[in-house]
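Subject: Structure for you to look at

Hello,

Here is the structure I said I would pass on. Please open it first, and then read the notes below beside it.

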Amino acid sequence: SDHMENIYGYLMKYTNLVTGWQYRFFVLNNEAGLLEYFVNEQSRHLKPRGTLQLAGAVISPSDEDSHTFTVNAASGEQYKLRATDAKERQHWVSRLQICTQHHTEAIGKNNPPLKSRSFSLASQGSANSPGVQRRPSQNAVSFFSVGHHRLPAGRRVPVMQPDHLVDVREMMSQAEGQQRDLIRSIECLPVSGHLTSLDQDLLMLKATSMATMNCLNDCFHILQLQHASQQKGSLPAGTTISWLEPKISLANHFKNGAAQNFPAEINKPASVREEQSIAEPCQLTREPEEINPDEELEDICDDKEDDLGAVEEQRSVILHLLSQLKLGMDLTRVVLPTFILEKRSLLEMYADFMSHPDLFIAITNGTTPEERMIRFVEYYLTSFHEGRKGAIAKKPYNPIIGETFHCSWRMPKSEVATDAGSNFSAHSPSEQVTLSKDLEGQTELDYYTVKFVAEQVSHHPPVSGFYAECVERKMCVNAHVWTKSKFLGMSIGVTMVGEGLLSLLEHGEEYTFSLPCAYARSILTVPWVELGGKVNINCVKTGYSASINFHTKPFYGGKLHRVTGEVKQNTTNTVVCRVQGEWNSVLEFTYSNGETKYVDLTKLSVTRKRVRPLEKQGPFESRRLWQHVTESLRDGDIDKATEHKRALEERQRNEERLRAETETPWCTKYFLKEGDGWVYHKPLWKTVSAAQTRQTDAN
């Protein structure tokens with residue numbers, strides 16, 4: 001029929017976290033049941049860059065937008081594709097579904113289903129019997145009695161026959177069943193005693209068995225492609241393609257690390273019982289709380305993070321984790337080991353990006369739009385060193401929904417740069433600047449106050465909102481960030497999805513900006529962090545924009561933590577400033593007048609934030625919420641920290657389950673949903689506008 005004709009054309013294909021979307025030329029070969037793609041149409045006569053067997057595949061339009069769809073092959077491979085519009089997507093999806101159904105039904109009609117088999121672990125005796133105690137003479141094969149099966153005689157012929165794939169499929173099904181039984185048997189072992197579920201040899205066995213099955217999966221897929229190629233792309237009668245089952249679910253894998261039951265309530269530490277007994281957040285007051293900066297004290301907490309160093313002593317934990325991950329997997333719901341945690345919440349990490357308030361306030365003191373954009377870029381690039389604590393490969397706590405963090409900074413007015421030549425001069429003479437009175441009518445002080453608030457507004461997906469303002473200078477910044485983490489093999493990538501908005505109300509200017517991706521590299525040796533990706537800063541009113549590239553280190557050679565960027569005037573396409581260097585070391589700014597300035601971030605002064613004491617904080621403020629986890633980490637007691645962390649996470653799951661059962665929506669405290677973003681409930685631009693309106697009415 002017409003619907004079975006071959007179709008072809010350009011689609012966008014998602015390649016990876018770094019490269020993103022790329023145009024590729026796709027061909028649907030209906031006769032062979034193959035979806036092939038090439039770099040471009042001109043290379044169509046060459047070997048395809050990629051091929052998917054459509055028999056047994058699932059074609060799914062995405063709910064992200066009206067252009068995207070996915071092709072999920074039965075082998076586990078996936079193509080994420082994007083058409084130019086909804087009509088073109090529907091055209092491709094319908095043709096792919098027809099082709100998939102045709103070839104899947106053809107296989108089913110020509111081949112009876114395989115006999116169902118069940119395989120169980122042939123261990124000697126029960127888990128508690130002496131038969132399962134490991135002896136020096138026992139190895140993995142004898143201990144778990146893994147059987148070997150041979151092909152029937154007379155079947156070995158030079159050309160691969162269709163029934164050989166059936167034999168391979170049956171043998172792999174048996175191996176998969178035994179591998180699942182192996183995993184279950186290891187996880188059912190006690191956590192203490194002679195042979196435990198955390199035994200390093202058994203964890204290594206789990207990791208290697210999973211890797212072996214993944215490798216066999218890939219090899220089997222190659223055999224199927226080879227067979228299809230030998231048959232000139234057709235699937236004759238008698239051909240049986242039986243695909244691998246889904247991988248073992250993560251939920252069953254994390255019993256050792258995430259789903260262990262706590263001891264009896266009577267044996268729990270009082271702090272753990274307190275963590276689990278805090279009332280449902282929506283039952284607490286969700287009214288925004290006005291934090292008095294005078295109650296905040298200069299932060300004396302100095303939790304310097306030590307490098308993880310070589311992780312040999314934690315290798316078994318990491319192997320246990322890696323055995324359950326696959327490339328591209330979303331790590332949002334994965335429980336990571338406690339020893340990699342920083343002693344602060346992600347919400348506090350966002351606050352630490354504001355550790356140079358003098359540079360932040362100095363933005364609005366720029367005398368021209370060009371100068372203000374350059375100052376913003378200078379501030380932006382100096383924020384990551386302190387916010388990320390250098391390149392230390394540790395992870396802040398995942399905030400629980402409803403968690404908040406408040407702090408402020410006091411900056412002497414004499415130390416804030418005003419003229420163009422003193423951006424980084426802490427004590428240079430400055431011009432007299434006419435400052436507005438505090439909107440609340442307070443008398444002018446000799447320091448500026450920058451106030452900060454952050455809130456975890458969503459759990460799935462994990463979205464944080466944060467807001468900072470300096471009332472005296474009529475400037476504020478509002479941002480929302482969705483942290484998407486993926487497993488990339490020997491590294492972990494975190495994409496910061498979202499947008500920030502800086503408002504300079506004295507000038508009527510708004511600057512939109514994004515954040516770079518972060519990568520934890522070499523997670524099996526000496527972990528370290530780097531930033532990567534392109535970010536943009538744009539001011540529509542003035543026509544100035546900035547493009548900044550955080551460069552990841554190439555495989556061979558190259559520098560670490562390199563960053564380059566430029567500021568330009570869009571209407572004239574004139575570059576007014578260029579920047580290069582390392583985001584955690586030295587930055588070099590070159591201006592259009594030929595001047596050059598170097599900034600050593602390691603010597604840049606850091607202003608300590610001011611935080612309320614724990615006893616004055618609410619139960620869902622970050623430091624009070626995580627205090628027992630933090631104290632245990634300071635004491636080096638990882639087990640105790642894990643127990644407190646697990647109690648908080650379990651409470652969050654219970655609350656989420658209760659809200660789902662009662663259909664109760666979550667109530668945020670400080671941020672309101674507006675479109676795709678989150679906005680602070682009382683931003684400065686509304687406050688200033690209301691004050692100006694009242695003043696106009698009075699006059």
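Leu81 is found in strand S7 (residues 78-82); helices (H or I, at least four residues) and strands (E, at least two) are DSSP runs, numbered from the N terminus. Before going on, note that this is a predicted model, in which local features need pLDDT of at least 70 and side-chain atom pairs count only at pLDDT 80 or more, while totals for chains, interfaces and linings use all residues. Residues are numbered from 1 along each chain as its sequence is written, and side-chain values use heavy atoms, with hydrogens and water left out.

Is Leu81 buried or exposed? Leu81 counts as buried because its relative accessibility is 0%. Buried means under 20% relative accessible area, exposed over 50%, and partly exposed in between (1.4 Å probe, protein chains only). Leu81 and Gln22 are 59 residues apart in sequence, yet their C-alpha atoms are 9.5 Å apart in space.

Strand S1 (residues 7-14) and strand S2 (residues 21-29) run antiparallel and are joined by eight bridges. Two strands pair if DSSP finds at least two bridges between them. Across this pairing, Tyr14 stands opposite Trp21 in S2. S2 is also joined to strand S3 (residues 34-38), again antiparallel, by five bridges. Here Phe26 stands opposite Tyr37 in S3. The hairpin of S2 and S3 has four residues between the strands, and in it Gly33 takes a positive phi near 70 degrees.

**The whole protein**

How many helices and strands does the protein have? There are 14 helices and 26 strands. Of the 699 residues, 48% are buried. Among contacts between residues at least 6 apart in sequence, 62% join residues at least 24 apart. The protein exposes about 34800 Å², and carbon and sulfur atoms supply 52% of that area. Accessible areas come from the Shrake-Rupley method with a 1.4 Å probe; for residues, only the protein chains shown count as cover.

**Nonpolar cores**

A nonpolar core is a set of buried Ala, Val, Leu, Ile, Met, Phe, Trp, Tyr and Cys residues joined through side-chain atoms within 4.5 Å. The largest one has 64 residues, and Phe360, Leu381, Phe452 and Phe550 have the most contacts inside it. Helix H10 (residues 369-387) gives the largest share of this core, eight residues. Another core, of 20 residues, lies apart from it and includes Ile7, Phe26, Ala73 and Leu96.

Beyond four places in sequence, the residues that Phe452 touches include Leu347, Met354, Phe405, Trp409 and Phe466.

**Aromatic pairs**

Rings of Phe, Tyr and Trp (its six-membered ring) pair if their centres lie within 6.5 Å; planes under 30 degrees apart count as stacked, over 60 as edge-to-face and the rest as tilted. By this rule the count comes to 21 aromatic pairs. Phe353 and Phe384 form an edge-to-face pair, at 5.5 Å centre to centre with 75 degrees between the planes. Phe353 lies in the loop between helix H8 (346-352) and helix H9 (357-362) and Phe384 in helix H10, so the pair ties together parts that are 31 residues apart in sequence. Both Phe353 and Phe384 are buried.

The pair of Tyr467 and Tyr680 is stacked, because the ring centres are 4.2 Å apart and the planes are at 10 degrees. Tyr467 counts as buried at 2% relative accessibility, and Tyr680 counts as buried at 12%.

Arg473 is placed in the loop between strand S13 (463-470) and strand S14 (475-487). Arg473 is buried, with a relative accessible area of 2%. The side chain of Arg473 makes a polar contact with the side chain of Glu506 (3.0 Å). A polar contact is a pair of N or O atoms within 3.5 Å; within protein, one must be able to donate a hydrogen and the other to accept it, and residues adjacent in sequence count only if both atoms are side-chain atoms.

Helix H12 (residues 627-634) is largely enclosed by the rest of the structure, because six of its eight residues are buried. These are Gln627, His628, Val629, Thr630, Ser632 and Leu633. Just after H12, Gly636 takes a positive phi of about 75 degrees.

Regards

Conventions: Contact means heavy atoms within 4.5 Å.
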